[in-house]
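Reader: Before I use this model, I would like to go through its helix packing, its strands and its chain contact with you, step by step.

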Amino acid sequence: MNKITNNKAWFLVLPVFFIVAISAIIPLMTVVNYSVQDIFDPQTRFFVGTEWFEQVLGDRRLHDALIRQIVYTMSVLLIEVPLGIAVALTLPRKGWGVSASMVLLALPLLIPWNVVGTIWQIFGRADIGLGGYVINMLGIDYNYSQNPMDAWVTVLVMDVWHWTSLIVLLCYAGLRSIPDAYYQAAKIDGASNWAVFRFIQLPKMQSVLVIGVLLRFMDSFMIYTEPFVLTGGGPGTATTFLSQFLVTIAVGQFDLGPAAAFSLIYFLIILLVCWVFYTVVMNAGKREEQ
Amino acid sequence: MSWMAWTPITAVFFSCIILMLIGMGIWQTVSPTVPRRGFLPLTTTRGDRLFISLLGAAYIHLGWLAFTDAALWVASIIALFWLFIVMRWG
């Protein structure tokens, strides 16, 4: 146990504490207050207990949006993580190719969400969009605004296009930190490419992959702007994910109580998943050190 | 503070959480926590166990609301037991 000799450093944390309090804790408290009341206007509000929670938990639309969200997030992770690792492994390690590929890969990350949505909305259109037109030319009936499956695939491909670069860049940074001695030792032992990947590259990438997966999980779990711009949650509710459903309740219908209850449930799901993920990974790291 | 739409019950709820955190802070200075391993499948400090029990308590209440029509105070008692069990043997 390290003995703490000076606690004055805690005062340096105070500014961060105040910022977090104003930006996160106080709004969260307000949401909790909203979730137990029926609010008509700031002066007219009634305590309703857990009514909104019961209503939201029994809402089929919420269950459907949650299932869609889980399937979407899992698909995003299952595609982007292996693809990101694969691309990172094929990138050049020296020469002009390094800078060129870094710039190319960073480009999608620099584009704002709503612009990405707009780009893909036009790109996917069957009449004027290059992507949609070519797919239809190939004889595949593709229309993301009418066919739910097409809409799903388009939203998924858009996310893969936008965010795989993040995983690639993180993995590439991890790969670059492996000293040459490891590869030389593997060569002497006659290790296969797979063995080098499994026992040298993958363990060394673990810490950056954790950050990558966690970022992608959180981002895709609260995705809003891109599907909103691209499909508007449609056709029907095929691509209405949790955030968009929440906005429909809170802003569209102005049901602040149910929206607050829903936000808290949403928050608890994210908190649990992130905590489990963080704990599992940190414990795996500790076991490795031992 | 009226914009925060406080109600007596949520005020009591948050006061309890704040008191708990202050209490844990004082407890930590009086006798610092020693990480240990109980029935939970990971090594935890006192603060970890409090977090786990509070998160668990939230899910117990949500599950209660979702699956039963019985009074909510039963869930609160179960959550209190859960808090005690995790803090003591977790």
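Author: A definition comes first: helix axes are lines fitted to C-alpha atoms over the stretch in contact, and angles run from 0 to 180 degrees between N-to-C directions. Please also keep in mind that this is a predicted model.

Reader: With that convention, how do helix 4 and helix 7 of chain A pack: parallel, antiparallel, perpendicular or oblique?

Author: Helix 4 of chain A covers residues 96-110 and helix 7 of chain A covers residues 148-176, and their axes lie 8 Å apart at an angle of about 130°.

Reader: How many nonpolar residues does the contact of helix 4 of chain A with helix 7 of chain A have?

Author: Helix 4 of chain A contributes A:Leu105, A:Ala106, A:Pro108 and A:Leu109, while the residues from helix 7 of chain A include A:Trp161, A:His162 and A:Ser165. Sorted by class, this contact of helix 4 with helix 7 of chain A has no charged residues and 2 polar ones, and the nonpolar residues number 8.

Reader: Which residue of strand 2 of chain A stands opposite A:Gln37?

Author: Strand 1 and strand 2 of chain A run antiparallel and are joined by 4 bridges. A hairpin through 2 residues connects strand 1 of chain A to strand 2 of chain A. Across this pairing, the residue in strand 2 of chain A that stands opposite A:Gln37 is A:Phe47.

Reader: Turning to the contact between the chains, which element of chain A gives the most residues to the side that touches chain B?

Author: The contact takes 22 residues from chain A and 18 residues from chain B. On the chain A side, at least two residues each come from helix 1 (14-35), strand 1 (37-41), strand 2 (44-47), helix 2 (51-57) and helix 12 (256-289). By class, that side of chain A divides into 14 nonpolar, 6 polar and 2 charged residues. The element of chain A that gives the most to it, with 6 residues, is helix 12.

Reader: How far apart do the C-alpha centres of domain 1 and domain 2 of chain B lie?

Author: Chain B is divided into domain 1, residues 1-32, and domain 2, residues 35-90. Taken between the C-alpha centres of these two domains of chain B, the distance is 18 Å.

Notes: Residues numbered from 1 in each chain as written. Chains lettered and ligands numbered in written order. Predicted model: local features only at pLDDT ≥ 70, side-chain atom pairs only at ≥ 80, totals over all residues. Domains from an automatic or database assignment. Contact = placed C-beta atoms within 7 Å. Nonpolar A, V, L, I, M, F, W, Y, C, P; charged D, E, K, R; others polar. Pairing = 2+ DSSP bridges.
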